[in-house]
Amino acid sequence: MAEVTVRDISRFYGAHAALQQVSIDFPDGGFYGLLGPSGSGKTTLLRMIAGFDHPDSGRITIGGADVAGTPVQHRQIGMVFQNYALFPNMSVFDNVAFGLSVRGTAKAETGKRVSEALDLVQLGGLGGRRTHQLSGGQRQRVALARAIVTRPRVLLLDEPLSALDKSLRVGMQVELKRIQREVGITTIFVTHDQEEALTMSDRIGILRDGRLEQEGPPEEIYDNPASEFAATFLGDANIFRGTAESGGLTLADGTRLRCRQPLPATATPNAPAACAVRPERIVLHPRGDAEGDNRLPARVAKRVFAGNSISYLLDWQDQTVKVFAQNAGSPPFEEGSEVTLSWSAQSTLPLG
């Protein structure tokens, strides 16, 4: 396996900056998620690691070696594409064996390694089928087996689950992580699905307009977002704006919100400031019947039942506040109800 490092990578297409001074360490044997909206530079970065594209400046190393000038076929990288890119005229076995055939691997060794790869992705016994006879999840597994059968040092996944329906996608998330753990391969996974990134990644890098917005373990980014974009892109967040004061901020109506300490260094007293509160950290109470560090009056505008949980949209002044509550059997608040929102200072996240 191999650690991948990206240092000060920039890539321009004419006047458009696809990537700007991006630096990331992809740990040896880890599962790293690259998350961001369309056009943020995720796939461009993946293509440069693979060798399909090249940076205008910066440096990429794999296993400590600079790969500038190293062609795709010599980087020892496996890749799974969004559309799987399987050969419809070939059997499952031949699809998986394709990379070994190109390398001139002996027939006996090819058979052994293809069988091992198909067993790993739980497709043993299906080598003789054509790809059109397989389900979407099975085709995805064939593509994965083809990528790992050559025993690459790095596995690159470019939104490989986006074509699957939700229930199948959730199951494949678990399978992908299991396979990655068993093989122990350094894996870089591109997605725009925040839930997928949280579920699968050991570390996450959030890209925005070609720049790295924030990176780290999923829990760290979720609990300590560095910016409003990071807070709202990785999970839901209610944003409150006001002016900074010691221990929190004052809203436009004079309400004081206590925030987790310390405030960002940029939040000087009386300067504009903002904080984020996750919807699941807010508790609903009947109007006036609430205690806690922070309390706001609000009105239930909409209630959405989702089985084990209920989502509330509430009107507070001129903005909408979202609250997620567990469906624990107690009567829900009806639309139009006057309520009080409460949450702790620890749940109020200062934004830079």
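Modeller: One definition is needed before the sheets: two strands pair if DSSP finds at least two bridges between them. Please also bear in mind that this is a predicted model.

Colleague: Understood. What is the strand order in the open sheet of 4 strands?

Modeller: The order is 2-1-4-5, and the pairing is antiparallel.

Colleague: Which strands stand at the edges?

Modeller: Strand 2 (16–26) and strand 5 (65–66) do. Each has a single partner strand, so one side of each has no neighbour in the sheet.

Colleague: How many bridges join strand 1 to strand 2?

Modeller: Strand 1 (residues 4–13) is joined to strand 2 by 7 bridges, and the two run antiparallel. Within this pair, Val-4 lies opposite Phe-26 of strand 2. Helix 1 (residues 42–50) packs on the sheet, where it touches strand 1, strand 2 and strand 4 (57–62). The direction of helix 1 makes about 65° with that of strand 2.

Colleague: Let us turn to strand 11. Which strand does it pair with over 6 bridges?

Modeller: Strand 11 (residues 238–245) pairs in that way with strand 14 (residues 272–277), in the antiparallel sense. Asn-238 has Val-277 of strand 14 opposite. Strand 11 is also joined to strand 12 (residues 248–251), again antiparallel, by 4 bridges. Ala-244 has Leu-249 in strand 12 as its bridge partner.

Colleague: And what is found in the hairpin of strand 11 and strand 12?

Modeller: There are 2 residues between the strands, and Gly-247 takes a positive phi near 85°.

Colleague: What is Val-96 in contact with, leaving aside its neighbours within four places in sequence?

Modeller: Its contacts are Val-114, Ala-117, Leu-118, Val-142, Ala-145, Arg-146 and Val-149.

Colleague: Which residues of helix 2 are buried?

Modeller: They are Val-92, Asn-95, Val-96, Ala-97, Gly-99 and Leu-100. Helix 3 and helix 4 are among the elements that cover them. After helix 2 comes Gly-104, with a positive phi near 75°.

Definitions and conventions:
Residues numbered from 1 in each chain as written. Predicted model: local features only at pLDDT ≥ 70, side-chain atom pairs only at ≥ 80, totals over all residues. Heavy atoms only, no water. Contact = heavy atoms within 4.5 Å. Axes fitted to C-alpha atoms, helices over the stretch in contact; angles between N-to-C directions. Buried < 20%, exposed > 50% of the residue type's maximum accessible area, 1.4 Å probe, protein only.
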